[in-house]
Amino acid sequence: MTSYLKKSVVAFASAKTYIAQWSAEHVYADEALIVPFPTLAKFNPNKGVWSVHIKAWLYLPIEGNKLKTFFLSLPGRLMRKIESTKKEEFVDKELNLKTAGDLEENNEQVEIIDDDDPDASLYEDAVHEDSSKVDENPGRLGYFFVKKSVKVITKSIINDVEHLLQPSDESGFIEGNLELSDEEIRSLGEKIHPDSNDLKFDYTIQINQSHSDSRAEPCKLFKCTIYVLAHNGISIISDIDDTIKISEVVSTRELLKHTFVNDFKPVDGMSELYQAWSEQNCQFHYVSSSPWQLFPALNVFLRKYKYPMGTINLRKFAWGFKHLKPPKTYKMETITQILNAYPSRQYIFVGDSGELDPEIYSKLYTMFPQNIKHIFIRDVCKTPECLPQCQERYLKAFQDVPKELWTIFKDPRKVETDIRKITAI
């Protein structure tokens with residue numbers, strides 16, 4: 001874990017000069033925002049009702065004059081956190097299974113930013129070259145900074161009925177469970193695909209001024225989508241970084257650049273593949289280890305490049321690392337919840353080799369062998385053919401998965417688009 005966090009520290013140190021020069025209006029919005037996440041409804045057969053897990057995030061911007069001081073001191077803060085974490089063993093050891101350090105052990109190419117590395121200045125040059133693009137997405141970084149001790153009551157409005165939610169936590173995260181009758185769901189929902197029984201409907205969420213902290217600023221209504229799927233059907237569970245969006249996760253320098261500086265770029269051919277599957281009534285669930293603060297930018301990315309919309313699950317992040325789960329643990333838990341919510345559906349997994357997707361997906365197959373129909377892994381090695389050590393990794397990861405149920409690909413245009421052929425095996 002120490003190695004993982006140290007790389008984050010040096011990465012922030014590399015970017016701090018660029019970040020600190022931003023004016024306040026570039027870093028954060030000037031009004032309170034609520035960012036609700038599209039979520040699944042789950043049927044409870046014992047009660048005969050649908051359970052809806054509302055998830056949203058409240059953004060109350062901090063004062064701009066504190067940002068420069070915060071950024072300049074951030075590497076030191078994180079390094080002190082590393083030292084204290086050594087003693088507390090704060091994060092599960094699984095965090096180190098396939099971080100950049102572990103990928104090195106597999107002989108994959110991994111770039112590490114080092115303060116003494118003369119090439120580290122290349123990152124500085126790159127971000128300065130792109131500084132003219134800051135205005136295109138001012139909130140991408142700013143959403144990571146909120147007021148402390150946020151305790152605000154919010155309410156969701158469904159079919160003109162107000163439902164109070166639990167207060168947001170100190171990082172602004174809002175959660176709440178609502179129960180809706182099957183009759184309500186059917187009256188609200190509209191079909192996602194003409195030839196399927198998968199439904200969706202929108203809800204709104206806003207701050208409840210009568211119950212909230214008086215310091216909270218007025219907040220307008222924000223809409224989001226709830227997905228209510230048929231018991232039978234086909235769902236695609238997809239990673240985001242380096243699966244559908246170029247991120248270069250194995251390089252800390254490039255990951256920072258693609259996450260906070262450059263415009264998000266799609267992986268060529270993936271949108272067309274997903275559109276082809278969507279036209280065959282597949283429903284999509286995006287599960288990524290990226291922090292939830294990137295949701296607004298990712299949502300725009302999905303729409304811009306015409307990826308099918310669906311539920312989006314991102315990892316909870318707070319600066320105190322209080323809620324930070326290891327990527328493997330987070331993904332296993334999240335995907336398991338989806339499969340348990342709809343145990344009769346068939347699932348196709350899509351990921352990449354940059355992190356732990358092969359290992360996670362293969363483990364899930366051993367838990368749900370009847371549900372998982374195929375696993376597709378995009379090989380991110382920058383070589384024409386898969387390296388021998390990569391092939392060895394895949395064989396080891398998928399040793400408990402039948403060979404006909406997993407596919408390694410480099411070009412999405414060569415992936416099978418006929419869902420009937422994929423699920424027939």
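Me: I'd like to start with the largest pocket. Which strands and which helix each supply at least two residues of its lining?

Reply: Good place to begin, and do keep in mind that this is a predicted model. Rolling a probe the size of a water molecule over the atoms shows where empty space is left. Here, strands β2 (39-44), β3 (49-59), β6 (173-181) and β12 (310-315), along with helix α11, each give at least two residues to the lining of the largest pocket. Helix α11 contributes the largest share, seven residues.

Me: How much space lies in that pocket, and which lining residues are closest to its centre?

Reply: The space in the largest pocket is about 760 Å³. It is lined by 29 residues, and H53, K55, E175, N313 and Q337 are the closest to the centre. Sorted by class, the lining holds 11 nonpolar, 11 polar and seven charged residues.

Me: Why does the largest pocket lie between domain 1 and domain 2?

Reply: Look at who supplies the lining. Domain 1 (2-60 + 146-228) and domain 2 (234-423) both give residues to it, so the pocket lies between them.

Me: Now the fold as a whole. How many helices and strands are there, and what percentage of the residues count as buried?

Reply: The protein chain has 14 helices and 15 strands. Of its 425 residues, 56% count as buried. Sequence separation is worth checking too: among contacts between residues at least 6 apart in sequence, 75% join residues at least 24 apart.

Me: How should I read burial along a helix? For instance, how many residues of α8 are buried?

Reply: An α-helix has 3.6 residues a turn, so residues three or four places apart point the same way. In α8 (residues 252-261), nine of the 10 residues are buried, so this helix is largely enclosed by the rest of the structure. Among the buried ones are R253, E254, K257 and H258, as well as L256 and F260.

Me: And α12: what covers its buried residues?

Reply: Helix α12 (residues 357-367) is mostly covered, with eight of its 11 residues buried. The buried set includes D357, I360, Y361, L364 and Y365. Their cover includes the strands β10 (234-238), β13 (346-352) and β14 (372-378), plus the helices α11 (327-341) and α13 (388-397).

Me: Let's go down to single residues. Where is W292 found, and is it buried or exposed?

Reply: W292 sits in the loop between β11 (283-291) and α10 (295-304). A residue counts as buried under 20% relative accessible area, so W292, at 2%, is buried. Leaving out residues up to four places away in sequence, W292 touches F37, W57, S171, F173, L314, R315, K316 and F317. It also shows how sequence and space can part ways: W292 and V35 are 257 residues apart in sequence, yet their C-alpha atoms are 9.3 Å apart.

Me: What does P36 touch?

Reply: P36 belongs to strand β1 (residues 33-36) and is buried, with a relative accessible area of 5%. Beyond its sequence neighbours up to four places away, its contacts include K55, A56, Y203, I205, C224 and F295.

Technical notes: Residues numbered from 1 in each chain as written. Predicted model: local features only at pLDDT ≥ 70, side-chain atom pairs only at ≥ 80, totals over all residues. Heavy atoms only, no water. Helix = DSSP H or I, 4+ residues; strand = E, 2+ residues; numbered from the N terminus. Buried < 20%, exposed > 50% of the residue type's maximum accessible area, 1.4 Å probe, protein only. Contact = heavy atoms within 4.5 Å. 1 Å grid on protein atoms, 1.4 Å probe; cavity = no way out; pocket = protein on both sides within 12 Å on 5 of 7 lines; lining within 4 Å. Points joined across faces, edges and corners; volume = space filled by probe spheres on them. Nonpolar A, V, L, I, M, F, W, Y, C, P; charged D, E, K, R; others polar. Domains from an automatic or database assignment.
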